[in-house]
Amino acid sequence: MYMSKINKLTTLAETKFLNLYNAEYSNKGGNIKNWIIASRKEKENLEGVYLNNKELQDDAVLIVPFHKEEEKIVVIRQFRVPINSYIYEMPAGLIDKGESPQTAITRELKEETGLDVIEILKNTVKGQLFLSPGMTDESVTSVFCTCGGTISKAYMEEDEDIEPILLSQKEAQELLIKDVKFDIKCYIYLQEFAKSGNKMFK
């Protein structure tokens, strides 16, 4: 039996933040097939991963913050163009070129919420978490952290339409049963917080 593998990558479209590729691959039966892939990576970088065993680098950071003084989890409600609606998410963002995930975590939390990272919690940093592997190679480094300061929209970019929100355990429980849109990652973390409360961050 053959092992499935990508043989060739062809660019279909390139934009500033997202590219579209056709991947020609051999399936487990040895037959040649094609798959459309959306990727944050440039073709040369992605070919290195697919064809030359180059290490895959995470594209973004996903932050699960706990406000130490307020004793509340931090989420955001953001307008997302693909769904033409607002959706509850965890703070997150792309890792800039040459930037470490740790630096990106601090920068993105400040930008989206106005809050400052106090401590990245031990044994919570997990990389190579894939968001929708049937469509994209995009992966994130996820981290739990404590944070402090005051909620602010002053650091957001023009295209960011974000409302930062602090939720108590009870408020998380109430939000989860409302008819609102959730990013699946946010939904899972809020479920855990609704069940465990502050223990989630111990």
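**Close-up views of a predicted model**

View A. Setting aside residues up to four places away in sequence, Glu108 touches Val61, Ile63, Ala92, Gly93 and Leu94. In this predicted model, Glu108 belongs to helix H2, which spans residues 101–113. The relative accessible area of Glu108 is 5%, and because the limit for a buried residue is under 20%, Glu108 counts as buried.

**View B. Glu47 in helix H1.** Glu47 is found in helix H1, made up of residues 43–52, and is partly exposed, with a relative accessible area of 24%. When neighbours within four places in sequence are left aside, the contacts of Glu47 are with Leu9 and Asn52.

View C. Helix H4 consists of 13 residues, 184–196, and reaches 18 Å from its first C-alpha to its last, close to the 18 Å expected at 1.5 Å a residue. Within H4, the residues Cys186, Tyr189, Leu190, Phe193 and Ala194 are buried. These residues cover an arc of only 140 degrees around the axis, which means that they lie on the same side of H4. Ile184 and Lys195, by contrast, are exposed on the other side of the helix. The cover over the buried residues of H4 includes the strands E4 (60–67), E5 (72–80), E6 (85–89), E10 (139–148) and E11 (162–167), together with helix H3 (169–176). Just after H4, Gly197 takes a positive phi of about 60 degrees.

**View D. Aromatic rings around Phe144 and Phe201.** The model has a count of nine aromatic pairs. In one of them, the rings of Phe144 and Phe201 have their centres 5.5 Å apart and their planes at 45 degrees, so this pair is classed as tilted. Phe144 lies in strand E10 whereas Phe201 lies in the segment after H4, so the pair ties together parts of the chain that are 57 residues apart in sequence. Phe144 and Phe201 are both buried. One aromatic cluster is formed by Phe66, Phe144, Tyr189, Phe193 and Phe201; of its members, Tyr189 and Phe193 are also among the buried residues of H4 shown in View C.

Methods: Residues numbered from 1 in each chain as written. Predicted model: local features only at pLDDT ≥ 70, side-chain atom pairs only at ≥ 80, totals over all residues. Heavy atoms only, no water. Helix = DSSP H or I, 4+ residues; strand = E, 2+ residues; numbered from the N terminus. Expected span 1.5 Å × (residues − 1). Buried < 20%, exposed > 50% of the residue type's maximum accessible area, 1.4 Å probe, protein only. Arc of directions from axis to C-beta. Contact = heavy atoms within 4.5 Å. Phe/Tyr/Trp six-rings, centres within 6.5 Å; stacked < 30°, edge-to-face > 60°.
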